Amino acid sequence: MGIVNVTPDSFSDGGRWFDPERAVAHGLALLGEGADILDVGGESTRPGAARPAVEEELRRVLPVVRALAAAGATVSVDTMRAEVAAHAIEAGAALVNDVSGGLADPAMLPLMARAGTPYVLMHWRGHSAGMQANAVYDDVVTDVVDELRARVEAALHAGVPADCLVVDPGLGFAKHSEHNWRLLGRLRELSALGRPVLVGAARKSFLGDLLADPETGRPRPAHLRDAATAAVSVLAAAQGAWCVRVHDVASTADAVRVAARWGLEAAGTLSPVPPF
């Protein structure tokens with residue numbers, strides 16, 4: 001899943017693709033690098049970010065979703081708002097990626113039940129402005145699995161088809177660095193939910209913390225975290241992740257292909273490596 005941020009304040013690319021024409025060109029470039037899905041978002045979810053008005057979010061995402069879908073891309077819309085999701089589906093989006101797991105907008109689950117499109121439920125404990133205050137867990141993996149299970153059950157109760165649901169552990173959302181690493185280390189435990197797993201680790205601050213300058217202690221800048229992201233992507237794929245959400249598609253696709261080929265050799269088979 002290649003990321004197309006149509007925001008002026010993204011932590012990872014600083015509004016580089018805020019202009020719709022540039023966002024579309026970027027999405028097409030990611031498609032050429034091997035992205036299976038293009039995830040278009042018009043609301044920054046970095047810690048402390050303010051929410052745009054719904055009209056502004058629509059203005060940002062709809063032209064990009066429409067153009068990319070018309071170009072033949074499989075497009076996801078990254079939104080917490082049912083109104084934005086509905087308009088994006090009309091514009092050609094094939095998937096809704098909701099970082100709130102249906103908690104931010106009570107109209108979202110009924111919409112997804114009617115739409116019947118794939119729907120990503122992420123683990124979430126509040127909006128960006130104050131979410132890190134909620135990063136308190138008894139056991140982060142057990143707590144995240146239990147809370148995601150409740151969201152899956154709510155979606156099913158609302159009428160969302162089971163085969164449309166994908167879960168996301170929400171790395172970086174109401175989580176400190178050590179929480180993210182524990183979730184990644186025990187990623188297989190999310191399989192208890194019986195749904196495909198999306199992992200979004202791309203350029204996040206826990207990678208910057210790990211790669212901090214040894215002399216100054218300053219975290220590695222976001223744009224220099226793609227190699228670390230590729231490593232996480234390989235390990236997540238090895239633990240059964242359905243999809244990884246990344247900024248640099250080419251490096252991740254290459255890394256996963258190498259790991260897959262290595263795995264086939266180790267298993268003693270010469271069958272072709274399936275496309276990533």
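## Reading strands, helices and buried residues

Q: Which residue in β2 stands opposite Asn5, and how is such a pairing to be read?

A: Strands of a sheet pair through backbone hydrogen bonds, in either a parallel or an antiparallel manner. In this predicted model, Asn5 stands opposite Gly41 in β2. Ile3 likewise has Asp39 of β2 opposite to it. Strand β1 (residues 2–5) and strand β2 (residues 38–41) run parallel and are joined by 4 bridges.

Q: Which way do the residues of strand β1 point, and are they buried or exposed?

A: Side chains in a regular strand alternate between the two faces of the sheet. In strand β1, Gly2 and Val4 point one way, while Ile3 and Asn5 point the other way. All of these residues are buried.

Q: How many strands form the sheet, and in what order?

A: The open sheet is formed by 6 strands, whose order is β1-β2-β3-β4-β5-β6, with parallel pairing.

Q: At what angle do helices α2 and α3 pack, and how far apart are their axes?

A: The angle between the axes and the distance between the axes describe two packed helices. For helix α2 (residues 54–70) and helix α3 (residues 82–91), the angle is about 20 degrees and the axes are 9 Å apart. Because angles under 35 degrees count as roughly parallel, α2 is roughly parallel to α3. Their crossing is right-handed. On the α2 side, the residues in contact are Val54, Glu57, Leu58, Val61, Leu62, Val65, Arg66 and Ala69; on the α3 side, they are Glu83, Val84, His87, Ala88 and Ala91. This contact of α2 with α3 divides into 9 nonpolar, 1 polar and 3 charged residues.

Q: At what angle do the axes of α1 and α2 cross, and which residues meet?

A: These axes cross at roughly 35 degrees and come within 9 Å. The crossing of α1 and α2 is right-handed. Pro20, Ala23, Val24, Gly27 and Leu28 in α1 meet Val64, Ala67 and Leu68 in α2. The contact of α1 with α2 comprises 7 nonpolar residues, 1 polar and no charged.

Q: Is Leu171 buried or exposed, and which residues does it touch?

A: Leu171 is found in the loop between β6 (165–168) and α6 (177–185). Its relative accessibility is 1%, so Leu171 counts as buried. Leaving aside residues up to four places away in sequence, Leu171 touches Asn180, Leu183, Leu184, Val199, Gly200, Ala201, Lys204 and Phe206. Leu171 and Ala202 are 31 residues apart in sequence, with a C-alpha to C-alpha separation of 9.5 Å.

Q: Is Asp226 buried or exposed?

A: Asp226 lies in helix α8 (residues 226–238). Buried means under 20% relative accessible area, and Asp226, at 15%, is therefore buried. Asp226 touches Arg203, Asp248 and Ser251, when residues up to four places away in sequence are not counted.

Technical notes
Residues numbered from 1 in each chain as written. Predicted model: local features only at pLDDT ≥ 70, side-chain atom pairs only at ≥ 80, totals over all residues. Heavy atoms only, no water. Axes fitted to C-alpha atoms, helices over the stretch in contact; angles between N-to-C directions. Helix = DSSP H or I, 4+ residues; strand = E, 2+ residues; numbered from the N terminus. Parallel < 35°, antiparallel > 145°, perpendicular 65-115°, else oblique. Left-handed = near helix turned anticlockwise from the far one by under 90°. Contact = heavy atoms within 4.5 Å. Nonpolar A, V, L, I, M, F, W, Y, C, P; charged D, E, K, R; others polar. Buried < 20%, exposed > 50% of the residue type's maximum accessible area, 1.4 Å probe, protein only. Pairing = 2+ DSSP bridges.
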